[in-house]
Each structure stands twice: as C-alpha cells, then as structure tokens.
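Let's take a friendly walk through this model, one meeting place at a time. Keep the picture open while you read.

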Amino acid sequence: MSKNKIETEKMNWEYAAAPESASHIQLKEKYDHFINGKFEKPSSGKYFDSINPATAKKIAAVAEGNSKDVDKAVKAARKAYDNVWSAMPASERAKYLFRIARLIQEKAREFAVIESLDGGKPIRESRDIDIPLAAAHFFYYAGWADKLDYAFPNRKPKSIGVAGQIIPWNFPLLMAAWKIAPALACGNTVVLKPAETTSLTAMKLAELIQESGLPDGVVNIVTGDGKVGAEIVSHDGIDKIAFTGSTDVGKLIQKTIAKTDKKVTLELGGKAANIVFEDAPLDQAVEGIVNGIYFNQGHVCCAGSRLFVQESIKDIFIKKLQDRIETLIVGDPMDKNTDVGAINSKSQWETIQGYIELGKKEGLEIFQSSCKMPKDGYFIKPTLFTKVAQSSRLAKEEIFGPVLAVQTFRTVDEVIEKANNTPYGLSAGVWTDKGSKIFNLTSRLRAGIVWANTYNQFDPTSPFGGYKESGFGREGGLHGLSAYLKFD
Amino acid sequence: MSERINILKTYKIYIGGSFPRTESGRFYNPMNAKKESLGNICLSSRKDFRNAVVAARKAFGDWSDRTAFNRSQILYRMAEVLEGRRDQFITELMQQDSSRKDAEKEVNLSIDRLVYFAGWCDKYQQIFSSVNPVASSHFNFSALEPTGVVAIVANKDSSLLGLVSYMAPIIAGGNSCVILASENKPLCSISFAEVLNASDLPGGVVNILTGKKSELLSQIGSHMDVNAVCYTDGIKDELIQLKEASIENLKRVKSYTYDLTTAEVENPYIINDFQEVKTTWHPIEVIGAAKASY
C-alpha cells in the first residue's frame with residue numbers, strides 16, 4: 001500500500017497552457033466618443049492609451065473627453081428623451097433592450113476576450129460571469145419596461161430624464177449593463193462614462209447599440225478620467241446620477257449636487273466580513289473564502305476581505321486555506337486555467353503593494369502563495385495576513401486587491417460586534433451548518449447582501465447595494481427600478 | 001374663599017424615557033399671535049441632541065427586534081392614550097393660535113394617523129420584500145430592515161400633526177428617532193411625550209427636543225451616529241444645509257412636503273424610505289429526486 005501512496009509534495013501541478021485565441025476579435029486602433037448615435041472625435045483632439053495590464057502594452061487609444069464633449073452628449077440625450085424615448089410605448093422600449101441582450105449573447109466571445117485583454121481578469125471569469133450576466137441584465141430589465149405600474153402600487157411611476165452614469169473598472173461591461181438597462185427600461189436616456197483603464201468593452205457596446213438600431217442619443221458614451229466624471233455630475237442637464245466606485249468619490253459627488261434637485265444612487269466601497277464557524281463544512285468554506293477574496297484579483301467592492309475564523313478551528317482552517325491558495329494559478333488572463341489574473345493598472349498595483357508592505361511593518365504574519373509569477377505586467381500573489389488586530393489598517397480600509405486579513409473570534413456576539421464595526425455595510429458571508437445560527441447572523445449583520453454558505457453570487461433579479469457608507473439605492477431586481485423613476 | 005391658584009405646567013424635554021431639563025439650563029419664550037407667552041421652553045443644546053442620539057441608539061436594538069405585532073399594538077396604544085387626552089391637546093393647540101374647529105381636526109387626524117400606521121407595522125414587509133428567482137441553485141430573498149437612528153425635524157407650522165405624521169411611519173418601521181419640535185409651537189410635542197411615556201413605548205425609541213433649528217440643524221446633519229434625516233419644512237436653504245452636513249456618513253436625507261390635512265401622507269412608501277433592503281443567498285442542494293414528477 002505504502003508504495004502506492006501519492007507523494008503530493010513532489011507532484012508537479014503544472015498545467016499545459018490553454019490560451020484563448022484573440023484572433024477573432026475586432027479592435028480599432030482608436031476609439032471616439034459615442035454621441036447621438038455616431039462616433040465623434042474628442043473636441044480636444046487628444047487620445048489616451050488603454051493598456052493590457054498583463055503585458056503593460058498598449059492595445060488601443062481612447063478619446064479624452066472634456067466639458068464640451070459632455071455637453072454635446074447631454075444635449076443629445078435630452079433631445080432623444082424629449083422627442084423619442086419618453087414618448088415611445090413602453091413595450092417598444094422593451095424590444096430594443098431584448099435586442100441588445102441577444103446581440104451581447106451573439107457576440108459574447110468577442111466581449112469576453114476584450115474584457116480580459118483590457119482589464120486583466122481571467123478569461124474564465126469574463127466568459128462565464130461578466131458577459132453572460134451583462135446580457136441577462138438587459139434581458140431582465142427589458143421585461144420590466146411595460147410593467148412598471150405593477151411594481152409600485154398606487155404610485156404612477158414616471159421616468160426622470162437624463163441619467164449620468166459613472167462606472168468602475170472592475171466589471172466594465174457588467175457595470176455598464178447594470179446602469180444602462182434599468183435606466184432605459186424606465187424610459188430615461190443616459191450619458192455613461194466608463195473607467196479610463198477599461199473603456200474598450202463599453203465602446204464595443206456602443207457599436208452593438210448602433211447595430212441594434214436604438215434611436216440616436218438614447219445611449220451616449222464619453223470616455224476619459226475622473227475630470228469627465230466631474231463634468232457629468234455638475235452638468236445642469238443631468239437629472240440623475242448613478243455612480244459605482246470609491247466612497248471618497250461618492251462623497252465628493254454628494255457635495256457637488258447637494259444644492260441641486262438631482263437624484264442620486266451610490267454603490268460604494270466595502271470591507272466585508274466572511275465568518276466561519278466551527279460547525280461549518282470546512283472544505284466548502286475554504287472554497288468560499290478563496291472565491292470571496294481572490295475572485296477578480298480582489299477588485300470587488302463586495303470582496304470578503306475580512307475573514308473571521310472561530311478560534312477552535314483556527315489552525316486547521318488556516319492550514320487548509322493556505323494549501324488551497326498554493327494551488328491557485330496566477331498568470332495570463334487569457335489562459336483558461338488561470339485563477340488570478342493581472343492587477344488592473346500600475347497605480348492599483350502600487351496601492352496594493354503599499355498595503356502589503358504596511359501589513360509587514362505592522363508586524364502581521366504574512367503568507368503568500370509560492371506560485372510562479374509572470375515576468376511582465378502587473379501581478380500580485382494571493383496574500384493572507386494573520387494575527388490582524390481590529391485596529392489594523394488592513395482590517396479597516398478597502399484594499400481592492402487579493403489581500404485577506406484574518407481575525408479570530410469565540411462567540412456569536414463577539415463576531416457580530418466585530419463584523420459590524422466598520423463604516424461600510426455592503427456585504428457579508430456566514431459559514432455554518434446550523435440553520436438557526438445562519439438566520440441569527442444574516443439578520444444581525446448590517447449589510448445589504450449576505451451570503452450564507454456561498455459567496456460572490458450575482459443575478460439580475462437580486463438587489464445589490466449597501467448600508468451605511470457603502471452607499472444607497474439598489475441595483476438589480478424590482479428594487480433596482482426606483483432609482484430611475486419619480487413618483488407623484 | 002379666594003380663587004384656587006392654577007398649577008402651571010413646566011415644559012421639559014424627553015430623552016431616553018425621562019423628562020430632563022436641557023443640560024444647558026437655557027430657555028426661550030415663544031409667543032402666540034396675541035403676544036401671550038407660551039411658557040419657558042427648554043432651549044436644547046448640541047449636547048442635548050448628542051444625549052438623545054445615545055438614547056436612541058441604545059433603544060434601537062430592542063425596538064427593531066420587537067415583533068411587528070408588538071410594535072403595532074404599541075402604536076395603537078398611543079392612539080388610545082391620545083384619544084383620552086383630546087381636551088388637553090385641543091386646549092394647547094388653541095393656545096397656539098388654532099381655532100377650536102381646527103384644533104379638534106388636528107387632534108382627530110393625529111389619532112387616526114397613529115391608528116393608520118399601527119396597522120402597517122406587520123404589513124409593509126410583505127409589500128416591499130421579494131423572493132428573487134435567480135438563475136442558479138440558490139434560495140434568494142430580499143427583506144427590509146430599519147435604517148437605524150433617524151432625526152426628524154418636525155414641521156414648523158404644526159404643533160402635533162406634523163410630529164405624529166412622520167414619527168409614526170418611522171417607528172412603525174423599527175427605527176428609533178430624535179425629534180426637534182416646532183420652534184414656535186412646541187407645547188403639544190412635550191405633552192405628546194407624556195402620551196408616549198404612557199403607551200408602553202420603550203424609553204429612547206422616541207426622544208423629543210425643543211429649541212431652535214438655527215442652532216441644531218448642522219449638528220443634526222453632521223452627527224456620525226445618525227443614519228437618516230426626515231425634513232418636512234420645504235425650505236430650500238435648510239435642506240441644502242442638511243444635505244451638505246450629512247455627506248460625511250452618507251445619511252439618507254428625505255424631504256417631504258405633503259399636505260398633512262389630507263390623506264396623501266398615509267402611504268407605506270414613507271416607511272420604506274427609512275428601510276434598507278437586505279438580500280440573503282443560500283445554496284439549495286440539488287438532489288436527484290427533486291426532478292421526479294410525483
């Protein structure tokens with residue numbers, strides 16, 4: 001028997017490379033703004049580079065927007081709202097959205113490849129999660145367009161007007177879908193600004209929208225950095241702001257519009273607690289913790305970045321977690337075997353490295369995978385800190401990278417106290433086999449999404465959004481409609 | 001025999017179920033239209049507001065954990081107690097410039113509004129919650145939870161109805177609150193605190209301060225342990241001040257300008273405005289027999 005024992009220590013876990021081909025995608029060298037149904041050169045005449053973070057090489061140039069471009073886009077959106085979109089029967093609006101959903105499905109592979117090239121996320125994630133969910137979002141909200149009266153009894157819902165939408169770089173196409181689909185279904189027109197490092201799938205979406213025959217000006221896309229976002233927020237012709245991004249920028253937006261009647265929804269940062277009890281199915285929990293923090297390189301606002309392990313299982317659980325982390329494949333986002341892709345940008349890489357250095361300086365115990373690392377591009381090893389104090393900056397601040405801060409607890413009350421002791425309140429996770437304990441925890445954790453014995457699940461029918469400083473308003477489901485409607 | 005000397009009422013504030021004076025020792029002296037003094041009213045300080053928030057936070061856990069049925073009964077109890085003290089409130093409203101007819105109407109509406117929202121306590125959850133048909137093997141539902149501690153700036157033109165109309169939906173939903181009473185018509189607010197105190201409402205769920213908006217508005221907006229603000233005076237500058245002060249902890253600021261003498265304020269959407277949506281996911285085990293068609 002003993003000679004048949006598998007010697008895992010010596011086993012070579014290398015997988016053969018399985019790269020996705022990029023030969024079928026069509027990328028232009030230069031992308032202009034999408035305004036009033038046409039691609040328009042930036043009034044500044046300037047373009048900036050969009051970089052593949054896995055190679056640090058340029059893949060395309062993107063128009064640099066300014067106030068003139070934003071103004072043009074807002075005017076186009078207003079015209080389309082007044083003349084076409086708000087007057088169209090809701091059932092016809094729905095048909096355009098269904099059509100867009102179908103087109104995304106038809107072109108899913110191209111979108112997935114570009115998403116991974118431009119943003120650094122593993123192709124498996126863009127193929128299986130980002131793109132299918134984006135299509136599903138359009139499909140879901142399409143059906144709401146002519147049923148809004150049933151969602152708000154006694155209220156007579158009406159569209160708001162022109163929505164300014166600013167989205168982050170972690171789920172570029174999916175966030176565009178989360179914003180555009182409900183806005184259009186409710187009868188609004190939009191001016192969208194993608195994040196500056198990940199504009200390409202938004203521009204591909206613009207091409208797709210053109211192909212769908214959506215009336216000109218209903219969706220306008222202006223590219224650029226935060227300055228363009230600020231122009232959108234402060235533009236007088238915007239009736240509603242929808243923002244996903246950092247809490248700091250969310251507060252700036254609030255400041256800018258406090259004197260106006262603009263409606264706003266904010267989906268901001270998080271520092272989610274993922275809580276493992278001694279009676280949890282430990283192997284499943286390990287998978288959930290890994291998925292919770294290393295999914296999309298930890299660039300997830302609802303990432304389970306604080307792990308709370310019950311003291312009685314601390315040693316065995318951390319060991320299992322470390323063993324699992326060792327098996328994660330870090331590398332080429334285009335390889336179908338890759339688990340953890342490239343950090344989205346150089347500046348984000350520097351931020352995360354800064355936190356890792358800080359953790360070491362604070363005297364925390366660090367564990368990092370011993371995996372092979374690519375030579376070029378921006379990559380960070382899956383990282384785990386133990387012996388983290390509640391007061392540590394690693395336990396308090398959103399890192400937005402593959403860095404997990406581990407704390408322990410003894411009692412239910414203690415872990416609820418610790419988990420809720422944060423200004424954030426976006427999401428949380430609970431792992432236990434005991435039903436009554438699950439419901440106790442899920443009802444006492446102050447967070448907008450609670451995953452029990454699972455983590456990082458998303459669905460168009462499921463409302464997403466936070467408590468406290470994680471923002472307000474919901475995206476997804478029936479609850480996501482009210483952000484784009486006004487009532488008598 | 002000389003005529004009997006009346007016992008004059010000392011108006012105090014209401015914090016954590018007790019009736020203290022303002023810690024500042026200050027008072028102000030609002031007048032009615034006939035230039036009669038309404039009394040020496042507590043001029044609450046920022047410190048009073050902070051104390052009231054501490055009391056509200058302490059009461060929040062217990063109140064939000066109460067069953068909806070229990071909250072419903074307590075709101076109904078308030079209506080019962082208020083009904084029994086109608087005359088006192090009518091007298092106070094007349095002292096504050098209402099005609100008898102208007103005073104009676106305001107008290108009646110206030111009682112009815114309490115009954116209306118008492119009935120909502122165990123119903124709004126079913127209106128606004130959902131089971132979400134996700135495309136994966138999970139049980140997924142969204143339900144409401146109260147936002148937390150709410151500061152209510154009571155309507156300036158109404159001594160009783162303005163306060164009751166917004167307090168009722170906010171506590172019906174399981175929040176606790178701190179109310180700044182109408183500055184120039186403060187009498188009913190403190191008498192109403194006595195109603196609350198006699199209605200099995202746990203101390204601290206509703207706290208009532210009298211004083212000046214000009215002194216307290218920025219404190220209400222900037223306090224880091226207040227989760228939401230309910231503003232009903234419709235004065236643009238004040239609303240902007242509240243919104244700007246509220247940014248640091250992203251308070252939910254809601255402004256209403258309903259005509260309180262009509263039924264338009266009677267809707268569950270006000271309850272909903274002070275709720276957070278929580279979505280819970282749990283996997284469903286897919287077992288072979290689940291597909292059998294028996």
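**Where the parts meet**

In chain A, 18 residues of domain 1 are in contact with 23 residues of domain 2 (two residues are in contact if their C-beta atoms, placed from the backbone, lie within 7 Å). On the domain 1 side, helix 3 (108–119) and helix 4 (123–144) of chain A each give two or more residues; helices (H or I, at least four residues) and strands (E, at least two) are DSSP runs, numbered from the N terminus. Helix 4 of chain A gives the largest share of that side, 3 residues.

This is a predicted model, where local features need pLDDT of at least 70 and side-chain atom pairs count only at pLDDT 80 or more, while totals for chains, interfaces and linings use all residues. Residues are numbered from 1 along each chain as its sequence is written, and chains are lettered from A and ligands numbered from 1 in the order in which they are written.

Where do the two domains of chain A run? Domain 1 covers 30–268 + 468–486 and domain 2 covers 273–452, with bounds from an automatic or database domain assignment. Their centres, taken over C-alpha atoms, are 30 Å apart.

Now look across to chain B: 25 of its residues are in contact with 30 residues of chain A. Strand 4 (138–146), helix 9 (236–245) and strand 10 (275–283) of chain B each supply at least two residues of this side, and strand 10 of chain B brings the largest share, 8 residues.

Strand 10 of chain B also pairs with strand 18 (residues 449–452) of chain A, in the parallel sense over 3 bridges; pairing requires at least two bridges found by DSSP between the strands. There, A:Val450 stands opposite B:Thr280.
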